[in-house]
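Have a look at the structure first, then read on.

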Amino acid sequence: MQQEPSEPPWPPFRFQDREGRRRHPRRHGHPWQDQRGWQDQPEGDAARPHGPARFLRRGHGDGNPLRRDPEDRIGGGLAAGVGIWRGFSPTTVRIAFVVAALVTQGWGIPIYFVGWLVIPARGSSTSIGAKARHDSQGVALAIALASLLAVFLLLAGVLNDGSIEVYCWPQVVSVACLTLIWRNAPDDEKAGMRRLVEPLESLGGQNRVRRGTKLRFVVSAVLLISGIGVIVSIHGGLQLLRPLGGFVLVAAAIVVLLGPWWLRIARDLLFERQARARAEERADMAARVHDSVLQTLALIQRSADDPQTVVQLARAQERELRSWLFEGRAPGDTEVASFAAGIKEIQRDVEARHGVPVEVVTVGDCPLDEHLSALLAAAREATVNAAKWSGASVISVFAEVEPDKVAVTVRDRGAGFDVDSVPADRKGVAESIRGRMLRHGGEAVVQSTVGEGTKVTLTMARGFASAGQAPADGRQR
Amino acid sequence: MSAAGAGAPRVVLVDDHGLFRSGVRSELGRQVEVVGEADDVAPAIELIGRELPDVVLLDVHLPGGGGHAVITEVKKDHPEVKFLALSASDAPEDVIAVIRAGARGYVTKTISTTDLADAIRRVADGDAVFSHRLAGFVLDAFATAPAAADVRPSFDPELDQLTSREREVLRLIAQGYTYKEVARELFISVKTVESHVSSVLRKLQLSSRHQLTRWAAERRLT
């Protein structure tokens, strides 16, 4: 591992504002507004009405000529522009536009597009329309498309009794305007339009038409046609439900057609969230590694001439890391819930206090009870004894939980001693180990040979029921 | 033993830590003949197939799929190649997976160089090498007496159970006894100890015991 210890190799994850999501300049005291100043309103936002009233009440117009506002646009930024011009919220203007479009039987839509064409965007002096005048090819195309739609509508009118053409005729103008806008709008506006029509574009892509797309297209076409059919037959039908059914079908068509695209957007959001979670996890890990491993490595380097300290540090770190990686225990978490965990705690403490490596092997595990706690206390005593007196370079602790009994063996290859020569009153072995085990119905066997080492075997039956015949010292150390 | 002589086992090192490989190579160089190194599953398989070493020293954890993937792949074409697994951080189920794939033993990276060279020679001779940790894992895996409902019909029921003698041997190994010490403790020969260990290894690898799988799954959960 070749990492800079001072900082994690990956940068912390940051959110970035997505492009085109800039706030509306009006609420931020745009310099362009400040030229006029807000004499009667110290802070632009503070004095403005909030809540629903905000959309209805008229604020101050800025007095500048009407300009489209590309910063805050859905279509051409016309509504936002009008809003700023006359001091309404853009949302209010938009709703008004939609209502107007419906009331005027569709004429509002081409009017909007004409406005888009002739009103310059803020910050630019010429309108799109001015540019479009010189685009003869575009004009030709616009006329062609518009007349195509007109012919189509004429045909439809002949075949039908013409209830919805009322809404469609104005769109002949819309189509012409849109064509001109599309050909002559500045690049950033084009990008915005492209985003709006992206799903349709993907339908038309020649080499990317997959089977799913085709199927969707067919299904939505069927739905659309039947939906329009139902709407058109309103004249024949008497029930109120039929137009509703028609709208449902049209809506279904739109969902089928554009659903996957919306789904993709939702999925992208999900991926983003997951990526963030991963990044946080990594940062957490980096912090952990830094707090523990890197610190220890630094300590080890500093005490390189003291082998025992180095070993001790390395062992302690290894254990901590292992318990974190494989047992999910946070460093410093000392609560002991099970027998095996208790044995590991003995290992941790003895290594930390006496600097002798303790190799632990545990087989099986079971919850702690009073007797097993006593067994643990005895095992701790035996391990500490070995660490203090044997002089062995390593102590082996083997603990096995069997269905009927629990056994712990503490073994060293150290100096050893003559078992018989130890005075009976020496507390260590006699009381802490043997006495404690006996009181809890267990057994302690100490074998030792001078020069070869010592082995303490502790066994205790499981489910031993006669508790409390002696003062319980299970929890003491 | 002087510079790697004619009798020294030919060894391939597979470990993703370059530092560890070079350390082992420089320390073992006098006692075994290191014929190649690899740092991941795919290059390891290719290298082993080419060199056909006596022993492959195999890290349990490899980026491209773990040590057992190497063993499984190599054993298909070259069943005679022997593997000795080693690892620094041993999740029991990973170690057992490597052994069940066919490794002849498992040691931890904290092992001394002499012991490691000894273990390699032993594996090269066809013996099994159990570290105290592996002995603990094996006892753990075979420990709990299967409940009646849990015993699956097996071709060879003996495979599913350790004998009491094998258990004793494993317990002593788990306590840090060497084979020689085990032999002395149990009043048997070292050869007998080795045969017990080999038989445990065989059971571990061949047992269809449902419980081994379940044990591993449980270990992973806790």
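Over all chains, the count comes to 20 salt bridges, taking a salt bridge as a side-chain nitrogen of Lys or Arg within 4 Å of a carboxyl oxygen of Asp or Glu. Before the details, some ground rules: this is a predicted model, where local features need pLDDT of at least 70 and side-chain atom pairs count only at pLDDT 80 or more, while totals for chains, interfaces and linings use all residues. Residues are numbered from 1 along each chain as its sequence is written, chains are lettered from A and ligands numbered from 1 in the order in which they are written, and side-chain values use heavy atoms, with hydrogens and water left out.

Here are some of the salt bridges.

| Pair | Closest N and O atoms |
|---|---|
| A:R413 and B:E181 | 2.7 Å |
| B:E73 and B:K76 | 3.3 Å |
| B:K191 and B:E194 | 2.7 Å |

Take A:R413 and B:E181. A:R413 lies in the loop between β3 and α16 (427–439) of chain A, and B:E181 sits in helix α8 (residues 179–186) of chain B, so this pair joins two chains. (Helices are DSSP runs of H or I with at least four residues, strands are runs of E with at least two, and both are numbered from the N terminus.) A:R413 is partly exposed, with a relative accessible area of 41%, whereas B:E181 is buried at 18%. For these words, buried means under 20% relative accessible area, exposed over 50%, and partly exposed in between, with a 1.4 Å probe and protein chains only.

The other two pairs stay within a helix. B:E73 and B:K76 both belong to helix α3 (residues 67–77) of chain B, three residues apart, about one turn of the helix. B:E73 is partly exposed at 33% relative accessibility, and B:K76 is exposed at 56%. B:K191 and B:E194 have the three-residue spacing in helix α9 (residues 190–206) of chain B. There, B:K191 is exposed at 58%, but B:E194 is buried at 11%.

How many salt bridges cross the interface of chain B and chain A? The rule finds six. The interface brings 21 residues of chain B into contact with 18 residues of chain A, contact meaning heavy atoms within 4.5 Å. Together the chains bury about 1,700 Å², 46% of it on carbon and sulfur atoms. B:H132, B:R171 and B:Q175 supply 29% of the area that chain B buries against chain A, more than any other three residues. Buried area here is the accessible area (1.4 Å probe) that two parts lose on being put together, summed over both.

Now for chain A itself. Its secondary structure comes to 16 helices and five strands, and buried residues make up 36% of its 477 residues. Strand β3 (residues 405–412) of chain A is mostly covered, with seven of its eight residues buried. β3(A) pairs in the antiparallel sense with strand β2 (residues 395–401) over seven bridges, and with strand β5 (residues 453–461) over eight bridges; pairing takes at least two DSSP bridges between the strands. A:V397 stands opposite A:V410 in β3(A), and A:T409 stands opposite A:T457 in β5(A). Three residues lie between β2(A) and β3(A) in their hairpin.

Over in chain B, B:V14 is in strand β1 (residues 10–14) and is buried, at 1% relative accessibility.
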